Amino acid sequence: MEDYDAVIVGAGIGGLALGYALASNGRKVCVLEARREVTPSKRGLTLQPNGLETLQKLGLLDRVLRIGAKTTHVSWYEIREGPLATFDYSILDHPHNYLLTVVPSELELDLREAFSSKGGIIYDSTFFQETLRAGFGRVIKAEKNRSPVEFSAKIIVGADGENSRVRQALQILARIKKYPDDFLFMLAGPVASLRSEARQHVARGKMVGFFPTRGLTYIFYYISGRRLQQFKSQKLESFLNELADIEPEISDSLRSLRYWEDIAHVSARRVDVNSWVADRAALLGDAVHALDPSWAQGANMALQDAVALSNTIERCFALHDFSANALKGYERMRRKQAEFVQREAERTAQLTATENGFYYWLGKRVLKRIGRNRELMRVALQASCGLIDRFSLQEQIRFLI
Ligand SMILES: Cc1cc2nc3c(=O)[nH]c(=O)nc-3n(C[C@H](O)[C@H](O)[C@H](O)COP(=O)(O)OP(=O)(O)OC[C@H]3O[C@@H](n4cnc5c(N)ncnc54)[C@H](O)[C@@H]3O)c2cc1C
């Protein structure tokens with residue numbers, strides 16, 4: 001049985017960032033990953049000021065900047081009606097007042113390389129199954145290519161996403177809410193006019209985003225889950241024509257999309273848990289706070305979790321105490337912001353990706369008010385960029401009236 005200081009389950013962005021932080025401190029760490037290899041993503045992922053700041057703390061920002069495209073403006077339009085608002089991230093008083101959109105598989109490959117360079121070990125094709133308490137720490141049981149494998153560690157971390165098996169093994173209660181929203185997403189060719197500006201287009205029951213990545217354009221398309229089957233029974237060509245109709249400048253770039261298989265689909269879920277930690281165990285990222293993607297915050301918060309948890313684990317090593325009580329400091333540091341972002345992202349989705357006429361009208365009103373008022377925009381951006389964890393009552397009222 002191989003022995004580690006920490007075994008992390010899940011080589012997503014959160015698990016790899018934590019692995020890197022611990023391995024940089026000289027800890028012996030391995031990451032178990034169910035997938036056989038990293039496959040090229042069909043989507044983009046936007047890093048925001050909170051995630052960028054965390055990458056800088058880890059010493060990883062420079063390498064991540066090389067694989068992403070910077071954007072300072074996101075313009076919102078009502079389909080067939082015209083502009084609603086332009087969000088200007090450069091008004092934020094923050095060293096990283098911009099968005100950086102990357103292809104997530106490229107970020108994962110980068111983080112894997114950084115983790116390995118610090119001596120970290122990744123076991124691919126290794127599916128976590130069970131964990132048991134033992135005198136020295138924890139035994140971790142997994143399956144690699146259908147054969148059982150066992151590891152021992154002082155602590156196990158579940159960074160294994162919204163359906164976390166580690167969470168289940170620890171018997172941590174979770175409430176899982178499936179949203180009515182489904183997203184189609186894809187990567188098309190580059191578009192010159194989208195180099196430094198991202199665009200989001202809305203209509204009642206429809207939302208489409210175009211974000212530049214380095215060399216490509218990330219497109220996401222909201223569709224109500226009810227309509228998905230019927231939607232996908234249409235010819236791909238009519239869908240692409242609709243996208244070109246909304247954003248004519250993208251027409252030529254859509255040629256790289258030839259089959260429905262080039263377009264991925266995901267249903268959004270929210271996860272709330274009663275505890276982020278247990279004795280000699282902790283959870284991070286989507287395993288504890290999966291959320292609606294409308295604020296593009298899931299991976300950014302997973303990065304913040306990773307740094308907070310690594311600091312807490314170092315304190316546990318210093319005190320020789322890995323009890324739930326000793327690990328609780330990590331949860332106290334992160335829970336409030338995570339719940340704020342979960343709640344407000346859900347509200348934003350209700351107002352922008354909605355078929356309800358009243359909510360749609362209200363969403364447009366809020367967008368226009370933010371677009372006209374620089375101070376209100378600053379507050380809205382601070383929140384959606386993960387820089388604050390509450391709105392005052394006065395701010396909430398100012399968004400509406
Ligand atoms: C459409 C969409 C768009 C999004 N856009 C953004 C965005 O722009 N910005 C942003 O910050 N966030 C975005 N998110 C959210 C973001 O992708 C997630 O929050 C983030 O990837 C979570 O990272 P994680 O490391 O917690 O988990 P994951 O990325 O889910 O990684 C979990 C890993 O664990 C592995 N695993 C699972 N079970 C096991 C097991 N039993 N044994 C071993 N391994 C296992 C999985 O294979 C996976 O590799 C988006 C989400 C969606 C759905």
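**Close-up views of a predicted model**

**Figure 1. Secondary-structure elements around the ligand.** In this predicted model, at least two residues of the shell around the ligand come from each of helix H1 (13-24), strand E3 (45-47), strand E9 (126-134), strand E12 (174-188), strand E16 (264-273) and helix H9 (298-319). The most is given by H9, which supplies four residues to the shell around the ligand. The ligand is surrounded by 32 residues, and the closest of these are Gly10, Gly12, Gly161, Gly285 and Gly298. Sorted by class, the shell around the ligand holds 17 nonpolar, 10 polar and five charged residues.

Figure 2. Helix H1 is mostly covered, with 11 of its 12 residues buried. The buried residues of H1 are Ile13, Gly14, Gly15, Leu16, Ala17, Leu18, Gly19, Tyr20, Ala21, Leu22 and Ala23. Their cover includes strand E1 (2-9), strand E2 (29-32), helix H2 (49-58), helix H4, strand E11 (147-158) and helix H9. The end C-alpha atoms of H1 are 16 Å apart, which agrees with the span of 16 Å that its 12 residues should have at 1.5 Å a residue. Just after H1, Gly26 adopts a positive phi of about 90°.

**Figure 3. Val103 in the loop between strand E7 and helix H4.** The loop that contains Val103 lies between strand E7 (99-102) and helix H4 (104-117). Val103 counts as buried because it has 22 C-beta neighbours inside 10 Å, where 20 or more are required. Leaving aside residues up to four places away in sequence, Val103 touches Ser41, Gly44, Leu187 and Thr213. Val103 and Arg43 are 60 residues apart in sequence, yet 6.3 Å separates them in space, C-alpha to C-alpha.

**Figure 4. Packing of helix H10 against helix H11.** Helix H10 (residues 324-352) and helix H11 (residues 357-372) pack at an angle of about 110°, and their axes are 7 Å apart. Helix H10 is therefore roughly perpendicular to helix H11, as angles of 65 to 115 degrees count as such. On the side of H10, the contact is made by Gln350, Leu351 and Thr352; on the side of H11, by Tyr359, Leu362, Gly363 and Val366. By class, four nonpolar and three polar residues form the contact of H10 with H11, and no charged residues take part.

Terms used:
Residues numbered from 1 in each chain as written. Predicted model: local features only at pLDDT ≥ 70, side-chain atom pairs only at ≥ 80, totals over all residues. Contact = placed C-beta atoms within 7 Å. Near = placed C-beta within 6 Å. Nonpolar A, V, L, I, M, F, W, Y, C, P; charged D, E, K, R; others polar. Expected span 1.5 Å × (residues − 1). Axes fitted to C-alpha atoms, helices over the stretch in contact; angles between N-to-C directions. Parallel < 35°, antiparallel > 145°, perpendicular 65-115°, else oblique.
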